[in-house]
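Here are some notes on the model, as you asked. Please read them with the coordinates open.

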Amino acid sequence: MSKYAETPSPYSHQPQLHQTKSKTLVVGLTGGIGSGKSAASDWFAQQGIDIIDADVIAHEVVAKGSSSLRKIQRKFGNWVLNADGEMDRAAVRTHVFTHPEALIELESITHPAIREAAKIQLAESKSPYVVLSAPLLIEAAEAGLANLCQRILVMDATEDTQLARASQRDAQSVQKIKAIMVNQLSREERNRHADDVVLNENDLAALYLQLEPLHQNYLMLAQQLKFAAD
């Protein structure tokens, strides 16, 4: 039996902590488009838990005047900037979509910056544990952020639910949403990497009922990690 108490969730694996150098419990939160990552992040934040959002960081590291944006400009040319000196995200997105090698070059610049920014936020955190939210935490190892996490929590939903939520939220076409889903892991593969899985098929109240026991377990694991480090 694990030395950690059993996670009170029917969707959780036997509790264990992946080894990292952090003395703070870091829970990696991920899931496919429309799975409810934002709703889960908001709930954890309401419990007083610090949220590190990889999407927010990814925008910040290429902000106007940033060192990462200057590197991108030197690598690809002035066309990556718009008239305001900010990154032309649409142009860059189109370019890397049609030039796979360019995506690798772009990520070689942005991923280390994302990881370092996340580590700074982690070091500054004061909450009992931290949730690190990253949509591609597993697929592309999102700047190596998965290696900062001791637990992986996956938000899961059926394809029909994902399509319905994503189209209502962003008014995107079903075809565009499906194209995004194709570039993400299958549900089965994503869940295989998870320590905890929340099946989010109903309303927010049902979601919160599943998150509460996980929260309590993370608080316990955070305490055990702290005691083990002392």
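The points below run from the overall fold to single residues.

1. Basis. This is a predicted model, in which local features need pLDDT of at least 70, side-chain atom pairs count only at pLDDT 80 or more, and totals for chains, interfaces and linings use all residues. Residues are numbered from 1 along each chain as its sequence is written, and side-chain values use heavy atoms, with hydrogens and water left out.

2. Overall fold. The protein has 9 helices and 5 strands. Helices (H or I, at least four residues) and strands (E, at least two) are DSSP runs, numbered from the N terminus. Along the sequence the pattern reads β-α-β-α-α-α-α-β-β-α-α-α-β-α.

3. The protein has 230 residues, and 43% of them count as buried. Buried means under 20% relative accessible area, exposed over 50%, and partly exposed in between (1.4 Å probe, protein chains only). Contact means heavy atoms within 4.5 Å. Among contacts between residues at least 6 apart in sequence, 75% join residues at least 24 apart.

4. Arg-151 and Asp-196. Arg-151 sits in strand β4 (residues 151–156). Asp-196 belongs to strand β5 (residues 196–199). Arg-151 is buried, at a relative accessible area of 0%. Asp-196 also has 0% relative accessibility and so counts as buried. Their side chains are joined by a polar contact of 2.7 Å. A polar contact is a pair of N or O atoms within 3.5 Å; within protein, one must be able to donate a hydrogen and the other to accept it, and residues adjacent in sequence count only if both atoms are side-chain atoms.

5. A second partner. Which side chain, at 2.6 Å, makes a polar contact with that of Asp-196? The partner is Tyr-218. Tyr-218 also takes part in the ring cluster of the next point.

6. Rings of Phe, Tyr and Trp (its six-membered ring) pair if their centres lie within 6.5 Å; planes under 30 degrees apart count as stacked, over 60 as edge-to-face and the rest as tilted. The count is 5 aromatic pairs. One of them, Phe-44 with Tyr-129, is edge-to-face, at 6.4 Å centre to centre and 80° between the planes. The pair links distant parts of the chain, with Phe-44 in helix α1 (residues 37–46) and Tyr-129 in strand β3 (residues 129–133), 85 residues apart. Phe-44 is buried, at 0% relative accessibility. Tyr-129 is buried, at 0% relative accessibility. Ring pairs link Trp-43, Phe-44, Tyr-129, Tyr-208 and Tyr-218 into a cluster.

7. Helix pair α4 and α5. The axes of helix α4 (residues 89–98) and helix α5 (residues 100–124) come within 5 Å and cross at roughly 125°. Axes are lines fitted to C-alpha atoms, for helices over the stretch in contact, and angles run from 0 to 180 degrees between N-to-C directions. The two helices are therefore oblique to each other. Angles under 35 degrees count as roughly parallel, over 145 as roughly antiparallel, 65 to 115 as roughly perpendicular and the rest as oblique. Val-92, His-95, Val-96 and Thr-98 of α4 meet Pro-100, Ala-102, Leu-103 and Leu-106 of α5.

8. Gly-85. Gly-85 lies in the loop between α3 (67–76) and α4. At 22% relative accessibility, Gly-85 is partly exposed. Leaving aside neighbours within four places in sequence, Gly-85 contacts Lys-64 and Leu-69. The C-alpha atoms of Gly-85 and Lys-64 are 6.2 Å apart, although 21 residues separate them along the chain.
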